[in-house]
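Subject: Two-chain model, handover and notes

Hello,

The structure we discussed is pasted below. My notes on it follow; please read them alongside the coordinates.

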Amino acid sequence: MAISFELNGKKISVDEDSQTPLLWVLRDTLNLTGTKYGCGIAACGACSVHIDGEVMRSCVMPLSAIAGKKITTIEGLSSDRSHPVQQAWIELQVPQCGYCQSGQIMTAVAFLKKNPHPTAAQVDEAMSSNICRCGTAQRMRAAILKAAEGMKA
Amino acid sequence: MSAANTFSRRDLLKTVASAGAALVIAVEAPRNLATAAPMKPVANPLKAWVAIDQSGTVTLTYSKSEMGQGISTSLPMILAEELGVDWKDVQVKHASVDPVYGNQGTGGSGSITGLFTPLRKAGAAGRQMLITAAAARWNVSAESCTAKNGAVWRGSDKLMYGELVEAASQLPVPDLDKVQLKRLEEFEIIGKSLPRTDVPSKVDGSALFGLDMRAPGMVYAVVARCPVFGGKVRSYDATAAKAMKGVEDVFEIPAVAEAHSCGGVVVVARTTWIAMQARNKLKIDWDYGPALSESSETLRRQFRQIVDSNMKVILNQGDVASALAAAPASKRIECDYELPFQAHATMEPMNCTVHIEGDSARVWAPHQAPNMVQGVVARAAGLKPENVQVHTTFMGGGFGRRYQADFPTEAAQIAKRLKKPVQLVWSREDDMTHDFYRPASYHRMTGAVDASGNMTAWQHKYTSTPIAEWFMPNAAPESSELGCTLQMPYQSGGYRLEYTPAKSAVPRAWWRSVEASVVGFVMESFVDELAHSAGVDPLEFRLNALGDARLVKNPNEPDARPLDTARFKGVLQLCAEKANWGTPLPKGEGRGVAVHYSFNSYVANCAEVSVERGQVKVKRIVSAVDIGIPVNPDGIRAQVESAIVYGLTAALKSQITIENGRAVQTNFNKFTTLSMRETPLIEVHIVQSKAAPTGIGEPGLPPTAPALANAIFAATGKRVRRLPIQPGDLS
């Protein structure tokens, strides 16, 4: 049975088994591949998306749980990389391999929405369950603080 | 949805040309697998490397795999410099596998080392051809023209490259050994921190990794592999799996010995998720084979038996036995070091997309050795290598794992049967439990110092599960393991190195910085132990033991670049200065330094730690690197930051242990990594050298764990000799 939800501002309907994780619906059913598979057990954060504004791990979020909800993926964050977090990421040259970065950015954006003026320690706390094997944490930390500065203005 | 990642038949470059001379890289594919089409020795840089359109847009091709190390920026920078174009006009393009590019294998920190001069020559040859075309147009001598900013100039007259490129590309290619290269002082692009070309696509989800490839009608495949290393399928029942909606096929593929692929039962389905779910429903009777009894404990017992016994003597300089006998017990140290298997754990698990049609194949592979992929796919699918088109995608980390033939082989086996596009997906569990791990190793170190604080003896008895045994069966097992132990920079009365391999069924291969990650830790920890034993400051002790500037050759590779102790000392001193070496720290905190030479590059790291109730907090790491001419300084800093974090993870968090012949850690919940909270401030200082540039993807790693361990000793008096540091080790 088809399940309907809003994806990046558009209403859509998907006909997959209701237990299918949102991650695979995005990637394989909808070919929206910016959201990444990293672990499948909510341990790495590469699949992070926003569900009704909250950051969630789409690899363990069954399709049945998102009926009627609003989903934002990295592709829906801005149409032109203009979000302050994306801008800060470019300015500080954060990504290396880049694979985890969609999830990192989605996590950072949701965090800054709740805490627009964070301390470095609060940034560390918010980001510490996302894995980056390239070791970009130092640059991400700086970029989040920079984005927060920019959003203040 | 978006059609951006649906692949279309890209034009393979038909032109034949190459400025890419044979590359010296530490990681070579096994010869029997590297059966890609032979290289064609012709050259036209304006066809192979450079495309210029009428509007002045310059598209530069990079021939190496982008796995986060920034090569898609630094290689084009070198071309652009000599070609004489504005960086703002440059776009970049990844080369498909083509003989014009020579070996496209990306590893051993070898891309800049190997391509710096060939790309400069290619760029300069292109510039010369454009000048020649302009001179002909103006009917003047080429000497009266100059080239700059994407145009050829004669006085105030100019012809844009876009107007000249068609004529220029028809000209004979100049002798690459005679083209005029810029002087270093003339560089306008090399040496600048330029923003990476791949970064914008990595903040909006548009960068395409291997797993992001999509084709009309494409299906997804997963493979059930025996959890025990070397095990095989005895029989299987696929009834339940096949009954699932969306499952298209279930079949067995054999192991391929030369690719080190496991074989197993393949499930093909409409989506990755369905394939994974159906795989769970397979009933497989495994023949586990002889590895079932292996564990980390059995391997450790074997290691200890080996170092207790007579071993093969590799080097024996001076008189170690007499020096040790002469040393009083208080000035003699004997201790054992041990390091575990490590998984690469790239964020993007292994995968490969293949479409076989008739007698040809197209492959999309996130791979470090695309030429090898061409060969292995051809072999597995029974095709001619030249009929296999290989496109290298962005890759979500490499670290050496993506140099392997197993996953492209499996993908080709599957695609051969399906006759439609198929994406082979490894789950995280597949990836972690069927990796080719960094070897486990064990080291018995014996050394002595004299009353004046000089090192008098250094003996290293070393055993490991050697990479060579897996990939180079005809080579000596130690040939993959020794690294800098063959180029001991510290002088003493005697140096003795012994090595004997241990037996293990655990697959092993090149992991970021390879053997340097092992010997760097052991050598730089042990020299620190000797310093403390001598009662001499560890920095001072190293500087003394390095002595006067000299070149230390590798006795097994006399033609390889020697270790230059002046550069070794140079990074050590720069690092110490920037880290405020010798200034006091609060109680419970400590500073430790380490320096290492790997991949022809020199890196020293200094760690500052605090230890409270047995818990280590790494506060700051200062790094100094000498890699010759720096091409993209911010890219260099990023690579050192990355290697340090990767090294800290291996020192403080991750390991692969073995029980019942299989990996215990199967996912990121057990194989843990350094979090942002645990990531220290990292400062990188780059020596402004004029030496030939060398690589930096790996060399920042080896001096990381020993700097940390030495800092922990300074803070607590407790010596770390086993990695990773376990809870309780310091309490």
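The buried residues of α9(B) are covered by elements that include β14 (351-357), β15 (360-365), β16 (388-392) and α10 (406-418) of chain B. Cover here is counted by contact, where two residues are in contact if their C-beta atoms, placed from the backbone, lie within 7 Å. Helices (H or I, at least four residues) and strands (E, at least two) are DSSP runs, numbered from the N terminus. A residue is buried if 20 or more other C-beta atoms, placed from the backbone, lie within 10 Å of its own, exposed if 12 or fewer, and partly exposed in between.

The model is predicted, so local features need pLDDT of at least 70 and side-chain atom pairs count only at pLDDT 80 or more, while totals for chains, interfaces and linings use all residues. Residues are numbered from 1 along each chain as its sequence is written, and chains are lettered from A and ligands numbered from 1 in the order in which they are written.

Back to the helix. α9(B) covers residues 370-381, and its 12 residues reach 16 Å from first C-alpha to last, close to the 16 Å expected at 1.5 Å a residue (the expected span is 1.5 Å times one less than the number of residues). Of its 12 residues, 12 are buried, among them P370(B), Q374(B) and R379(B). Just after α9(B), G382(B) has a positive phi of about 70 degrees.

Chain B overall

Chain B has 17 helices and 28 strands. Its radius of gyration is 27 Å, close to the 27 Å that the globule rule gives for 731 residues, so chain B is as compact as a globular protein of that length. That radius is taken over C-alpha atoms, and the rule is 2.2 Å times the number of residues to the power 0.38. The C-alpha trace spans about 80 × 75 × 45 Å along its principal axes. Of the 731 residues, 59% count as buried. Among contacts in chain B with a separation of 6 or more, 80% are between residues 24 or more positions apart.

A β-α-β unit in chain B

β2(B), α2 (residues 71-83) of chain B and β3(B) form a right-handed β-α-β unit. Right-handed means that, with the strands pointing away from the viewer, the path from the first strand over the helix to the second runs clockwise. β2 (residues 58-62) of chain B and β3(B) run parallel and are joined by 5 bridges; two strands pair if DSSP finds at least two bridges between them. V58(B) is opposite V90(B) in β3(B).

Chain A has an open sheet of 5 strands in the order β2-β1-β5-β3-β4, with mixed pairing. β2 (10-14) and β4 (54-57) of chain A are at the edges with a single partner strand each, so one side of each is left without a neighbour in the sheet. Neighbouring strands of this sheet are turned by 40 degrees against each other on average, direction ignored. β1 (residues 3-7) of chain A and β2(A) run antiparallel, joined by 5 bridges, and E6(A) has K11(A) as its bridge partner in β2(A). α3(A) lies across β3 (48-51) and β4 of chain A, at about 40 degrees to β3(A). Axes are lines fitted to C-alpha atoms, for helices over the stretch in contact, and angles run from 0 to 180 degrees between N-to-C directions.

Backbone points to check

Most residues other than glycine have a negative phi, and most peptide bonds are trans. The exceptions I noted are these:

- Q93(A) has a positive phi near 50 degrees; Q93(A) is in the loop between α2 (84-91) and α3 (101-114) of chain A, and is buried, with 21 other C-beta atoms within 10 Å.
- F599(B) has a positive phi of about 55 degrees; F599(B) is in the loop between β23 (589-598) and β24 (601-612) of chain B, and is buried, with 25 other C-beta atoms within 10 Å.
- The peptide bond from L723(B) to P724(B) is cis, with omega near -10 degrees; P724(B) is in the segment after α17 (704-716) of chain B.

Between the chains

R677(B), in the loop between β27 (662-663) and β28 (681-686) of chain B, touches D124(A), E125(A) and S128(A), not counting residues up to four places away in sequence. R677(B) counts as partly exposed because it has 16 C-beta neighbours inside 10 Å.

Regards
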